[in-house]
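Thank you all for coming; I would like to take a few minutes on one model, and I will begin with a question once it is on the screen.

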Amino acid sequence: MDLDDQWSYMKTHGDPGWKKFPCYLDKLIPRVLYTLDQLNLKITFFVVGQDAALDKNRDALKLLTEKGHEVGNHSFHHEPWLNLYSRDQIRREIIEAEEQILRVTGQKPIGFRGPGFVWSTDLLEILAENEYLYDTSILPTYLAPLARVYYFWTSNLAREERRQRKKIFGSLKDAIRPIKPFLWHLNSNETLLEIPVTTMPIIKTPFHLSYLLYLSRFSILLMFLYLKIALTLCRITHTAPNFLLHPLDFLSREQVPELAFFPGMDINTNRKIELFYRVMNILREHFELVKMSTHAEAMLNSNKTKIQYL
Ligand SMILES: [Zn+2]
């Protein structure tokens, strides 16, 4: 789960109110942990450094590791133009987030996800230098340009802000990258494991929970059919899915009216949680559900993980 807080959605959307860091983590985290306990599931939470630095989140974030979940690094400032940063700026983003996450949760992250699915060569090299086990910033989908059009159309961004964010949801080059985990061969001759967010094999459309919930507004049957086709194709192509969750998969516009613009916020929370249980149980029929680091170890120990050159 990318643990994006209310302010980071508002920041990405261009709402100036984000600067006061409006927050829902203290309410959200206990609810999510309760549903995960019901399913007896341990997952990975990608935490934003800025949230870990705020005292008001300390108790909630500490619960993540106390309950046996993994914490990953989701950058410090959650800026989806991280790909434009200098090497030094990227290093600061990663190290400062890491220090805050370690301070609050007692765990050093070994996995990274870029905000808005952006990444750069410098970023991968800095992760390798700092002994990260895996990166999971790539979303290989042909729908990225469409998602971007929708995002710009519904946001309040000035021209310059749009220019900065032009890589949000990934580039066209990312669309043709593999869906299965692979090893980056870095310029330093080191390697770094990449675990792309899994999209539908062959047609590469996303099927993470936010997309499924959006489909459920049109038809529940369609939603489950789409998920089952995706998982069948994963099985046929021997792809272990890296399944993405977001806080808004558990929240509705009643709880966070400021984020009512986000697709699917008209579905009420109880309904979302019910669908979450059903989706997880379907995933569980076909795959063993584990934390990202466990999945990463398995991929690193497999001799089928291919190398990609930058
Ligand atoms: Zn995020």
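Which helix gives the largest share of the lining of the largest cavity? That share, 3 residues, comes from helix α10, residues 209-216, where helices are DSSP runs of H or I with at least four residues and strands are runs of E with at least two, numbered from the N terminus.

Before going on, please keep in mind that this is a predicted model, in which local features need pLDDT of at least 70 and side-chain atom pairs count only at pLDDT 80 or more, while totals for chains, interfaces and linings use all residues. Residues are numbered from 1 along each chain as its sequence is written, and side-chain values use heavy atoms, with hydrogens and water left out.

The lining of the largest cavity includes Ser210, Leu213 and Tyr214, as well as Asp249 and Lys272, where a lining residue has an atom within 4 Å of a point on a 1 Å grid over the protein atoms alone, and the cavity is a set of such points where a 1.4 Å probe fits but cannot get out.

Turning to the metal, the zinc ion is coordinated by Asp4 through OD and by His74 and His78 through NE2, at 2.0 to 2.2 Å; donors are N, O and S atoms within 2.8 Å of the metal (3.2 Å for Na, K and Ca), and because water is not among the atoms, sites may look incomplete. In sequence, the donor residues of the zinc ion follow the spacing D-x69-H-x3-H. Aspartate 4 lies in the segment before α1 (6-13) and histidine 78 in the loop between β2 (70-73) and α5 (87-105), so the pair ties together parts that are 74 residues apart in sequence. Both aspartate 4 and histidine 78 are buried, meaning under 20% relative accessible area, with exposed over 50% and partly exposed in between (1.4 Å probe, protein chains only).

Methods. 1 Å grid on protein atoms, 1.4 Å probe; cavity = no way out; pocket = protein on both sides within 12 Å on 5 of 7 lines; lining within 4 Å.
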